[in-house]
Amino acid sequence: MPRRLSMDDLLRIQYPTLSVPPRLSPDGRSLAVTVAPAVAAREPGTSGEFDARHVPTLVLGSQITIIDIPSGSRWQPFPDAEVSWGGQWSPDGSMLAAYVVMGGPACLGILHLADRRVRLLRSALVRPSFGFELPVWTPDSRLVVAKLWPADEAIVWDAQGTTEARTSGVEVFSHDPNMQSDDSAPMRMHTRYGCDFGTADVRTHEVRRLAENWNIIGGWRMSPIGSAVAVPVIVEWEEANQQFISDLMVVPLDGSEPRAVAPGVVFNYGQSFSWSPDGERIAFTTSDQPHAAGQRPPGRLFVADAEGRRQPHFLSSDIGDDLRQAFGHPRWSATGDQVFCLVADGVWSVRTDGSGARKIGVGDAKVLRSWIQPPEDQVMRAPADGSLPLLLRDTTSQALELVSVDGTEGSSTTRSSLHKRYVGPGDTLGLEVDWRSQMAYLQLEAAEHPPEIWRLDLTTGEASRLASLNPSLQGHQFGSKHLVEFLDADGEECQASLLLPPDYVKDTQVPMLVIVYGGIVGSQRIHGFGLRPCLCLADACLYAALGYAVLLPDIPLGPRNPRRAIPRSVVPAVDRVVELGFADPERIGVLGNSYGGYSVLALITQTDMFAAAVCSAGPVNLTSFYGVLNDAGESNWLGWCESGQARLGGSLWENRDDYIENSSLFYLDRATTPLLLFSGDDDAGAFAQASEAFSALRRLGQRVELRNYKGEGHWPGSWSEPNLRDVLDRTVAWFDEHLKPDTSSTG
């Protein structure tokens, strides 16, 4: 008998930990995957970026599982660990290095495959900020390179002269512009990225610190001969542009002085660089935000001398595309005479003297999702036939396609088309490749299953499940999905993902929830499980199981005035679904988290089509949000307002009217929709913003409720289980009250 998804089912789902890539063993027989439950148990003291055990909040609850590829069976390499993540095989295949919590703070753990013996290197306390910052082995399988917890525990950073010791319950924040102009002053450690950097010897357990008190965002790559590591080190923070400036450093493993080979580079997540096959050069792409004429242009390609003897050579003068790489990196030809870069509609190649720039395009109505390359390879690899395998997304059907492209002629052959979605925040963060067997291993999700490991034959295109992480979900019903086409208020063609309840009866109108997030392309989630990964307060499958249709529309935004732009796509999308006969126009709700919460407030102040709304962590007043400080004294939201999602193009004093126009607080007198507000008091400014919205609506006599959760951060999906359950219960009850007045909540 088919079952519907319950809240308990939802919270027990196991997912591959976002941004931690799978790793294939050197013999091709085992795959190390980091997996986490939907809700991770958290220790007391969890606040900010790390918990009390030094575990990044992004990987809480994670455990490494090893999948035996021939049989599909699974086993735990660190069965006694409370947390483990980021498994990395030694080059000789005899060991697995990982970050492990076992009766103490996070440290390097080494699994010896011969007898499955685990050794913890307690002196190598680690401090990775993100899941993709994996330990890196030297080619001789002797040393492991990692970010280390600072020896002096001095986790203080001063971005703008903000200072001081915290004494007697007093926090002092100070700014002296004369001190800030002193370029010789070292940058203090960032609360998230600050670390020491060094090696651990797996035989002697000796830890060697090669650098101390550095700020590192992203990964590090080993030179081909194993003598040095390249790593970006943050040297400056541009508040207004919300970007770090880094020096690309080469760190010799013999303890010699590190050297800057490319100073003053903007890296996105510190991944976009790679060594040449001979180890003499490093290719890198910049990730500058778009600037006005005369300032740094975005996305350029350079090659640096690995000894730092000359300035980096600019290669992309003949390439018109933006080469910014979020999590990916350029790759070299095997002979070291060309560099390859991914863009949305193809692959560029250029010679290392800057000549011969050439693009292999993927055709109209296609988006290049990833090339099929092992995550760590710095050289471009190809199957036996010499073709280039690519993962594309068809923008009409949103299907995932495996395509083989002839690198010489540019002709392509489609191997398969899958109604699935590739799960990975970066191009290769969700896959691995075995060229010997011509197999790729991908994290894929679909309407009928959450993200799982699938095997994709690069020759035939045949796809098969390697291992299910959630066998208990077999037999569940998840509803049906539809891709809805509509015209926005400007007459532009848009799409939306629509999920209908499992027992939906044709030609009936059901209550509908609209999930919003300004700038999202909601149609791209049509083949995702529950419309992941942008969901704010629950999986859409849960709402569908409770009898709601769920709509996730495209919400394109221009460079300015997002508050006015958001309804111009959302309202027509809702109207179209009503016109098609799926939704009851009198029973429509809207919800969103973070910028989605901002989008909710923008909507209810400009339309009365919604019978109820839920806003989590959404800013309502940009004039006050502009100056919020976090616990470290950083003005994170200043840049967000000026050049980030708020799209205000300047400071509060330069664009005062725009700050008011794009703040829903000043228009709440036009809102009639009952509003439920959520905030976590560890989320800087969230409770203050929710309080402003609550106070205003209460003063105006409108139905409003505010729930603030102690010790919780920005996204309810990362909250403790009791608080997340309360959010889900209250959200369902709120919508049931206003959209199903004749029924009681079943949440």
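## Strand E21

Both faces of strand E21 are covered: Leu 301, Val 303 and Asp 305 on one side, and Phe 302 and Ala 304 on the other, are all buried (under 20% relative accessible area, with exposed over 50% and partly exposed in between; 1.4 Å probe, protein chains only). In a regular strand, side chains alternate between the two faces of the sheet. Because five of the five residues of E21 (residues 301–305) are buried, the strand is largely enclosed by the rest of the structure. Strands here are DSSP runs of E with at least two residues, numbered from the N terminus.

This is a predicted model, where local features need pLDDT of at least 70, side-chain atom pairs count only at pLDDT 80 or more, and totals for chains, interfaces and linings use all residues. Residues are numbered from 1 along each chain as its sequence is written, and side-chain values use heavy atoms, leaving out hydrogens and water.

## Neighbours of E21

Strand E20 (residues 281–285) runs antiparallel to E21, joined by five bridges; pairing requires at least two DSSP bridges between two strands. Here Thr 285 stands opposite Leu 301. Strand E22 (residues 313–314) is also antiparallel to E21, with two bridges, and His 313 is the bridge partner of Val 303.

## Second largest pocket

About 1100 Å³ of space lies in the second largest pocket. Of its 41 lining residues, the closest to the centre are Arg 23, Gln 88, Pro 375, Glu 376 and Asp 377. A pocket is an open set of points on a 1 Å grid over the protein atoms alone, where a 1.4 Å probe fits, with protein on both sides within 12 Å along at least five of seven lines; lining residues have an atom within 4 Å of a point.

Strand E32 gives the most to this lining, with three residues.

How values were computed:
Grid points are joined across faces, edges and corners, and a volume is the space filled by probe spheres set on the points. Helices (H or I, at least four residues) and strands (E, at least two) are DSSP runs, numbered from the N terminus.
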